[in-house]
Amino acid sequence: MYKTLMRPILDHLDSEKWHKNVKELLHYSEHSSATLKALEIFANCGSRVKDEKLHVNLAGIEFENPLIVGAGWDKTGRAVEALHRIGFAGVEVGSVLEKPQYGNPKPRQHMINSEVCLNWLGFNSPGMQKVSENLSKYKNSNIPIGISLGINKNIKGKDAPRSHAVVAEKLYDLASYFAINVSSPNTPGLRKLQNRKKLEEIVSAVLGVVSENETKKPIFVKIAPELTFDQIDDVIDLVLDKSIAGIIATNSTNNSEIRAKYGEHWLKKPGGLSGNDYEYKKLSTKIISHIYKQAGKKLEIMGVGGVNDTESAIEKLRAGAKALQIVTGLRGEGLSVAGKINKGVLKFIQTNGLKDISELIGN
Ligand SMILES: Cc1cc2nc3c(=O)[nH]c(=O)nc-3n(C[C@H](O)[C@H](O)[C@H](O)COP(=O)(O)O)c2cc1C
C-alpha cells in the first residue's frame, strides 16, 4: 500500500521536509503507550518480531535483532522509542556536533528516484546540548543508542580530536556506543581525517573519554566507500592496534560513475548517494567482505549501504556484517521495512535449518 499509494505522492514533495514530518509524527507517537502500540501494529502488521534466533551481541551490546537505524535519519534524537517499536533494535543518532550548525543551503536532500537519495545536508545538527536534552528521556529505556560523532565545519584538522572527544563526553551516559564519522562527503576536508595518523589522534581522544568513565563504551569508525583496500587495511590495523570495537561500512558515495547513470543533472549536483542502487550496494558489500576477509572475528562490522529487503540484508550478513544499518530504505520501503526484513531473515534461518543468525555471518 505504501509503495502504490504514498510513495508516488512523496516523490513529488520536498524530501527533507517530509523526512522531518515523518520524524515528528514518530516523535509525537511516543506521547502515550496506546499510540506507540498502534504504531507498532501498523508498521509490523501485528506485534514486532522477537525471537532469540535474531539476537546479536555486538561489542557487548545486546541487540534484539540485527537492524539499526543508521546515522542521518534521526540526527536530533527525537524518535528513538518509536523507531524501536517499528522493528529496529537500536538507533544511531547524529551525526552530533559540538555546536549547532545549519548545514548547507536548501534544497539539499533529493530523491533521485523513490529508492535512491542524494544528500548534501552538510552536517545539520542542533548541537550536543540539544541532543542530550532530547535523549535524556530514553535513558532507562534499554534501547541501544549509538552516537555518531561529527565536527563543525569551522573545526580545523588539529582541533578535530578535541571536538570529537567533547561530544563523546557530553553524551557518554546516554550512549551505548560511539561512531567516529570521518566519512561524510559533504563537509570539506572531513574525509582526509580517515588518514591513519589523523584518525589515530581522533580515536585516542575518544578513547581518553572512555578511560575516564567506569562503564566502557565501544567505539566504531565509519568509513567511506571510496577508500582503497590499502586505506581500509590501515583502518583495520588501527582498529586492532587500539583495540576498539570495529568498523561501520559504509557511508554514502560520491562516485561519479554511479551518479552518471542518472543523467547530467544528478552528476553535477554535489552530495552523497545512498539507497537501492545496484552498484552502490555491491560496493559497500565488497568492502564488508574485504574487512571480514582481513580481520575475521577480530573486529565487529556494521554493514550499511542499500539495505532495503531480506535479500540485501542476508547478502551483507553473509559478507561478514554482524549488524546492519538502514537509512534510505525507510523512505523507499516505508515504516514496515524493519519488520519485513526481520521476518524474512528469521524465515531464512528456519527454512535452512540454521541454529541462529550467527550461522549466517560471514558464511
Ligand atoms: C539524509 C541522509 C543523512 C545522512 N546523514 C549522515 C550523518 O549525519 N552521519 C553519518 O555518519 N551518515 C549519514 N548518512 C549516511 C547513512 O548513515 C548511510 O551510511 C548511507 O545513507 C547508506 O545507507 P542507506 O543506503 O541505508 O541510506 C546520511 C544519509 C542520508 C540519506
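## Strands, rings and a pocket

Student: Through how many residues does a hairpin join strand 5 to strand 6?

Tutor: The hairpin connects strand 5 to strand 6 in what is a predicted model. Strand 5 covers residues 109–113, and its pairing with strand 6 is antiparallel, over four bridges.

Student: In strand 6, which residue is the bridge partner of M111?

Tutor: Strand 6 spans residues 116–119, with V116 and L118 pointing one way and C117 and N119 the other. In a regular strand, side chains alternate between the two faces of the sheet. All four of these residues are buried. The bridge partner of M111 is C117.

Student: Is the aromatic pair of Y172 and F178 stacked, tilted or edge-to-face?

Tutor: Two aromatic pairs turn up in a search of the whole structure. In the pair of Y172 and F178, the ring centres are 5.6 Å apart and the planes make 35 degrees. Y172 and F178 are both buried. Planes under 30 degrees apart would count as stacked and those over 60 as edge-to-face, so 35 degrees makes this pair tilted.

Student: How many residues apart in sequence are the parts that Y177 and F220 tie together?

Tutor: Y177 and F220 form an edge-to-face pair, 5.4 Å from centre to centre with 75 degrees between the planes. Y177 counts as buried at 1% relative accessibility, and F220 counts as buried at 0%. Y177 belongs to strand 8 (residues 177–181) and F220 to strand 9 (residues 219–223), so the parts tied together are apart in sequence by 43 residues.

Student: Over the ring of which residue does the charged end of R108 sit?

Tutor: The peptide bond from K106 to P107 is cis, with omega near -5 degrees. P107 is in the loop between strand 4 (90–96) and strand 5. The charged end of R108 is 4.9 Å from the centre of a ring, that of Y102.

Student: Which loop holds T250?

Tutor: The peptide bond leading from A249 to T250 is cis, with omega near 10 degrees. Strand 10 covers 246–249 and helix 9 covers 256–260. T250 is in the loop between strand 10 and helix 9.

Student: Is C45 buried or exposed?

Tutor: C45 is not a glycine, yet its phi is positive, about 50 degrees. C45 lies in the loop between helix 3 (33–44) and strand 1 (56–58). Its relative accessible area is 73%. The cut-off for exposed is over 50%, so C45 is exposed.

Student: What is the relative accessible area of N142?

Tutor: N142 also has a positive phi in a residue other than glycine, near 70 degrees. N142 is in the loop between helix 5 and strand 7 (145–149). N142 is exposed, and its relative accessible area is 75%.

Student: Which element gives the most to the lining of the second largest pocket?

Tutor: The second largest pocket holds about 520 Å³ of space and is lined by 23 residues, with E16, K20, K23, T76 and N124 nearest its centre. The elements giving two or more residues to this lining are helix 2 (15–29) and helix 5 (128–135). By class, the lining has four nonpolar, eight polar and eleven charged residues. With six residues, the element that gives the most is helix 2.

Conventions: Residues numbered from 1 in each chain as written. Predicted model: local features only at pLDDT ≥ 70, side-chain atom pairs only at ≥ 80, totals over all residues. Heavy atoms only, no water. 1 Å grid on protein atoms, 1.4 Å probe; cavity = no way out; pocket = protein on both sides within 12 Å on 5 of 7 lines; lining within 4 Å. Points joined across faces, edges and corners; volume = space filled by probe spheres on them. Nonpolar A, V, L, I, M, F, W, Y, C, P; charged D, E, K, R; others polar. Buried < 20%, exposed > 50% of the residue type's maximum accessible area, 1.4 Å probe, protein only. Pairing = 2+ DSSP bridges. Phe/Tyr/Trp six-rings, centres within 6.5 Å; stacked < 30°, edge-to-face > 60°. Lys NZ or Arg CZ within 6 Å of the ring centre and 35° of its normal.
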